Amino acid sequence: MSSASRGEPRLPLTRARIVQAAVMLADTEGLAALSMRKLGRSLAVEAMSLYNHIANKDDLFDGMVDLVFREVGMPPDELGWQEAMRQRAIAMRDTLIAHPWALGLLGSRNTPGQATLRHHNAVLGCFRRAGFSVALAAHAYSLLDSYIYGFALEQLNLPFNTSEEAVGVAEALLEQFSADQYPYLSEITNEYILQPGYEYADELLFGLNLILDGLARLHSLE
């Protein structure tokens, strides 16, 4: 029985509720399946009611991207720039894994929301307060996001989600060829992927630390 049929008050329709519902739909069904009619049904309202709070689908996408940046947040200001960017990278990757549709939207918005602007400003501020030049701060931000977004896309497209599933995929792969035929594939599978504790997600930090070390060296030369 619905809340309306029980006489319980219905929650007022707000922009925040609409955006949250859109994110939930996109998470479960994909961005392509998101329509204003389906969104209205999920909120038990007519689709036209949504336009009292959302101008159009682009405005909805702006709100969804803003929610993603709000979820990512930023590490405390007192952290050094390298640890701040390390924590931010992990938070961004985890949020993109939770919202796979966001990868196609984050860089495409012409009218970013307040959470989006605060996030970008905070990242740039972290570099500038550490003494980075304007140019190096821009390079650093672009490099880090290219790596993080690319890593998230790679992780999302893997044929496994857990270490147990990774073992199953690796063992099935080994059955398809002999070690003599593909010795290096056999080697990395047996000596790395099939070892206890292997998690593909941990690879993020290896590349991230290389990038941060490289940026630190460039920064020392400015």
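Colleague: Is tryptophan 81 buried or exposed?

Modeller: Tryptophan 81 counts as buried, because its relative accessibility is 12% and the cut-off for buried is under 20%. Keep in mind that this is a predicted model.

Colleague: How many aromatic pairs are there?

Modeller: The count comes to seven aromatic pairs. One of them joins tryptophan 81 and phenylalanine 132. Their centres are 4.9 Å apart, with 75 degrees between the planes. That makes the pair edge-to-face.

Colleague: Where do those two residues sit in the chain?

Modeller: Tryptophan 81 is in helix α5, residues 81-98. Phenylalanine 132 is in the loop between α6 (114-129) and α7 (134-157). They are 51 residues apart, so the pair links distant parts of the chain.

Colleague: And phenylalanine 132, buried or exposed?

Modeller: Buried, because phenylalanine 132 has 1% relative accessibility.

Colleague: What about the rings of phenylalanine 127 and phenylalanine 132, how are they arranged?

Modeller: The centres lie 5.0 Å apart and the planes are at 45 degrees, so this pair is tilted. Edge-to-face would need an angle over 60 degrees. Phenylalanine 127 is buried too, at 0% relative accessibility.

Colleague: Which residues make up the cluster, then?

Modeller: Trp81, Phe127 and Phe132, linked by ring pairs.

Colleague: Switching to charges. How many salt bridges are there?

Modeller: The structure holds nine. Among them is the bridge between aspartate 58 and arginine 109, at 3.3 Å from N to O.

Colleague: What does that one tie together?

Modeller: Aspartate 58 lies in helix α4, and arginine 109 lies in the loop between α5 and α6. The two are 51 residues apart in sequence, so the bridge ties those parts together.

Colleague: Which network are they in?

Modeller: A network of salt bridges that links Asp58, Asp62 and Arg109. Arginine 109 counts as buried, at 18% relative accessibility. Aspartate 58 is partly exposed, with a relative accessible area of 48%.

Colleague: What does arginine 70 form a salt bridge with?

Modeller: Aspartate 66, with the closest N and O atoms 3.7 Å apart.

Colleague: How are arginine 70 and aspartate 66 placed in helix α4?

Modeller: They are four residues apart, so about one helical turn separates them. An α-helix has 3.6 residues a turn, so residues three or four places apart point the same way.

Colleague: What does lysine 38 pair with?

Modeller: Glutamate 29, in a salt bridge at 2.9 Å, N to O. Lysine 38 is partly exposed at 25% relative accessibility. Glutamate 29 is partly exposed at 42%.

Colleague: Now helix α1. What span does it reach?

Modeller: Helix α1 covers residues 15-29, which is 15 residues. From its first C-alpha to its last it reaches 21 Å, close to the 21 Å expected at 1.5 Å a residue.

Colleague: Which residues in α1 are buried?

Modeller: Ile18, Val19, Ala21, Ala22, Val23, Leu25 and Ala26.

Colleague: What covers them?

Modeller: The cover includes α2 (36-42), α3 (47-50) and α4 (57-72).

Colleague: Last one. What follows α1?

Modeller: Glycine 30. Its phi is positive, near 95 degrees.

Terms used
Residues numbered from 1 in each chain as written. Predicted model: local features only at pLDDT ≥ 70, side-chain atom pairs only at ≥ 80, totals over all residues. Heavy atoms only, no water. Phe/Tyr/Trp six-rings, centres within 6.5 Å; stacked < 30°, edge-to-face > 60°. Buried < 20%, exposed > 50% of the residue type's maximum accessible area, 1.4 Å probe, protein only. Expected span 1.5 Å × (residues − 1). Contact = heavy atoms within 4.5 Å. Salt bridge = Lys/Arg side-chain N within 4 Å of Asp/Glu carboxyl O.
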